[in-house]
Amino acid sequence: MLDYRMETFLTLCQTLNYRATAQMLHITQPAVTQQIHCLEDYYGCRLFSYDKRHLSMTPEAELIRRHLNSMNYQEKHLLRTLKTPKGHELKIGVTKTIGEYVITAQVEGFLKEENNRISVETDNTKRILEYLDHGEIDFALVEGFFSRSKYQCRQYLREPFVGFCSLGHPFAGEIIPMERLFQENIIVREKGSGTRSILKRMLEENNHTLSDFSRVTHIGNFRLLQHLVASGCGITFAYQAFENSHFPISPFQVDGWNISRDFYYVYLPNTSALQSVELFEAYRV
């Protein structure tokens with residue numbers, strides 16, 4: 001169990017606001033300040049500093065946070081292990097593409113073992129990594145960007161990133177010049193999603209932005225997004241696995257865009273999480 005001062009420290013790392021931290025922990029703001037000063041005395045370094053009115057973590061604080069996150073996960077994992085004398089229990093977080101189209105057979109194989117249990121959280125990359133930081137999952141399976149210095153990782157697979165349109169669209173099955181894209185309504189996922197980030201990077205590398213499209217539609221629900229693309233309401237960009245949906249859609253490619261991205265297992269360093277990764281990996285078809 002983490003010391004209460006460590007809990008205060010981790011909460012302040014999250015909020016970067018003394019008042020908000022006090023409110024979340026139901027203590028006074030001076031109590032938060034005192035506990036942080038106590039930790040600074042113990043570690044012999046500054047943990048937070050102000051740049052004008054903005055509170056930020058020092059490099060030392062980031063190092064301590066990573067260590068505490070790993071400790072927090074280890075304790076939660078130990079408690080779950082003690083309560084599961086037979087079989088295995090996994091808690092994993094996956095991005096929407098992976099959850100919808102990639103891991104179905106793997107989860108099915110895991111659950112065919114009678115005493116195995118699994119919980120799968122599905123969200124965008126940003127939220128999944130937050131679950132990981134808080135020790136709520138054993139590992140993440142993501143296709144978005146993450147910090148290699150903060151997490152450990154292992155490649156899961158490499159997947160092409162392509163455009164999708166309706167079967168009757170002029171782009172269907174074609175390789176098109178990039179400039180033709182901007183006549184279209186582009187349907188994108190919510191902020192924080194991996195596919196949205198990749199598309200924005202590709203556009204920026206070619207001196208374009210989302211605002212160059214004739215219309216931009218933001219859809220956070222995968223099924224609705226698929227329906228809109230299939231019915232000809234716009235185009236989207238996603239991983240090749242997106243084609244495995246039951247909607248009548250067709251891939252297309254953009255001339256000069258040869259994009260593939262790796263899907264990764266991502267987990268906290270200095271923990272037993274790699275064992276959970278290897279356990280789940282054993283059920284790949």
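Guide: Let's begin at Ser166, which is part of strand S6, made up of residues 152-166. Strands here are DSSP runs of type E with at least two residues, helices are runs of type H or I with at least four, and both are numbered from the N terminus. Residues are counted from 1 along each chain as its sequence is written, and the side-chain values use heavy atoms, with hydrogens and water left out. Keep in mind that this is a predicted model, where local features need a pLDDT of at least 70, side-chain atom pairs count only at pLDDT 80 or more, and totals for chains, interfaces and linings use all residues.

Is Ser166 buried or exposed? Ser166 counts as buried, because its relative accessibility is 9%. The cut-offs are these: buried is under 20% relative accessible area, exposed is over 50%, and partly exposed lies in between, using a 1.4 Å probe and protein chains only. Who touches Ser166? If you skip its neighbours within four places in sequence, Ser166 is in contact with Ala172, Val229, Ala230, Gly232, Pro248 and Ser250. Contact means heavy atoms within 4.5 Å.

Next, hop over to helix H9, residues 222-230, where you'll find Phe222. With a relative accessibility of 8%, Phe222 counts as buried. Again leaving out neighbours within four places in sequence, the contacts of Phe222 are Lys96, Thr97, Glu100, Tyr101, Arg189 and Phe242. Take Glu100 from that list: Phe222 and Glu100 are 122 residues apart in sequence, yet 8.7 Å apart in space, C-alpha to C-alpha.

Arg189 lies in the loop between S8 and H8. Arg189 is buried, since its relative accessible area is 5%. Its side chain makes a polar contact of 3.3 Å with the side chain of Glu190. A polar contact is a pair of N or O atoms within 3.5 Å; within protein, one must be able to donate a hydrogen and the other to accept it, and residues adjacent in sequence count only if both atoms are side-chain atoms. Beyond four places in sequence, the contacts of Arg189 include Lys96, Thr97, Asn124, His218 and Phe222.

The lining of the largest cavity is Ile187, Val188, Arg189, Thr195, Arg196, Leu199, Thr236 and Phe237. On a 1 Å grid over the protein atoms alone, a cavity is a set of points where a 1.4 Å probe fits but cannot get out, a pocket is an open set with protein on both sides within 12 Å along at least five of seven lines, and lining residues have an atom within 4 Å of a point. The largest cavity has a volume of about 50 Å³. Volume is the space filled by probe spheres set on the grid points, which are joined across faces, edges and corners. Strand S8 (185-188), helix H8 (194-205) and strand S10 (236-239) each give at least two residues to this lining, and H8 supplies the largest share, three residues. By class, the lining has four nonpolar, two polar and two charged residues. Nonpolar covers Ala, Val, Leu, Ile, Met, Phe, Trp, Tyr, Cys and Pro; charged covers Asp, Glu, Lys and Arg; the others, Gly among them, are polar.

The largest pocket has a volume of about 470 Å³. Of its 17 lining residues, Leu10, Gln14, Glu130, Asp133 and His134 lie nearest its centre. Helices H1 (4-15), H2 (18-25), H4 (59-83) and H7 (125-133) are the elements that give two or more residues to that lining. Sorted by class, this lining has five nonpolar, five polar and seven charged residues. At least three lining residues come from each of domain 1 (2-56) and domain 2 (68-150 + 267-280). The chain's remaining domain is domain 3 (158-258), and these bounds come from an automatic or database domain assignment. The centres of domain 1 and domain 3, taken over C-alpha atoms, are 43 Å apart.

Finally, step back to see everything at once. The chain comes to ten helices and twelve strands, and 49% of its 285 residues count as buried.
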